Amino acid sequence: MSDTTFYSPNLPQLVSGASERTPQGSVGSISAIIGRIEEAIESETASIRSDPKFDIHASNAKKSRYLYELNRAVKGISMSDFAEKHRDAIARLKEKLVANEAVIRAHLAAVAEVAGLIQTAIERAETDGTYSTSAFQRI
């Protein structure tokens, strides 16, 4: 799926040859949405690991759009029916989300460490040591 594709409730009508909307809650539409969420999570995980210029904001927007679609698709379906019909897909998605969370946490830790190094360097550059605590230590 292209990064420039946006959610539209009328998308099936806009696609050539599509004459009817997919009914809300159909197994096919929910499976397709879960598949798109999985792809987005996999792509984000791989990109965070390898692309320093990765646009996390665009990725978050895409994931939010897919979650919105999923919420609309499951409207009116009992959660037990949803969980039963999509148990394997949910398990796969959960595994991918756990891996994604680990990568995001590692990325944030690295960003925090770099920010700390930069802050320390700035603080050292701004002081000449005249009023530092080390200047008043007993020898």
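Mentor: The account below starts with the model and the chain as a whole and then turns to the salt bridges.

The model is predicted: local features are reported only at pLDDT of at least 70 and side-chain atom pairs at pLDDT 80 or more, whereas totals for chains, interfaces and linings use all residues. Residues are numbered from 1 along each chain as its sequence is written, and side-chain values rest on heavy atoms, with hydrogens and water left out.

The predictor's confidence in each residue is given as pLDDT, on a scale from 0 to 100. For the protein chain, the mean pLDDT is 80, and 71% of the residues reach 70 or more. Residues 1–24 have a pLDDT below 50, and beyond near neighbours in sequence this stretch makes 24 contacts in the model, a contact being heavy atoms within 4.5 Å. Where pLDDT is low, the predicted coordinates should not be read in detail.

The protein chain has five helices and zero strands; these elements are DSSP runs numbered from the N terminus, helices being H or I of at least four residues and strands E of at least two. Among contacts between residues at least 6 apart in sequence, 70% join residues at least 24 apart. Of the 139 residues, 21% count as buried, where buried means under 20% relative accessible area, exposed over 50%, and partly exposed in between, with a 1.4 Å probe and protein chains only.

Side chains of opposite charge can pair when their charged atoms come close.

K96 is partly exposed, with a relative accessible area of 22%.

Another salt bridge joins R105 and E101, whose closest N and O atoms are 2.9 Å apart. Both residues are in helix α5, four residues apart, so about one helical turn separates them. R105 counts as exposed at 57% relative accessibility, and E101 as partly exposed at 39%. As for shared partners, E38, E42, R92 and K96 are joined by salt bridges into one network.

For the setting of these pairs, the accessible surface of the protein chain comes to about 10300 Å², and 57% of it belongs to carbon and sulfur atoms. Such areas come from the Shrake-Rupley method with a 1.4 Å probe; for residues, only the protein chains shown count as cover.

Conventions
Salt bridge = Lys/Arg side-chain N within 4 Å of Asp/Glu carboxyl O.
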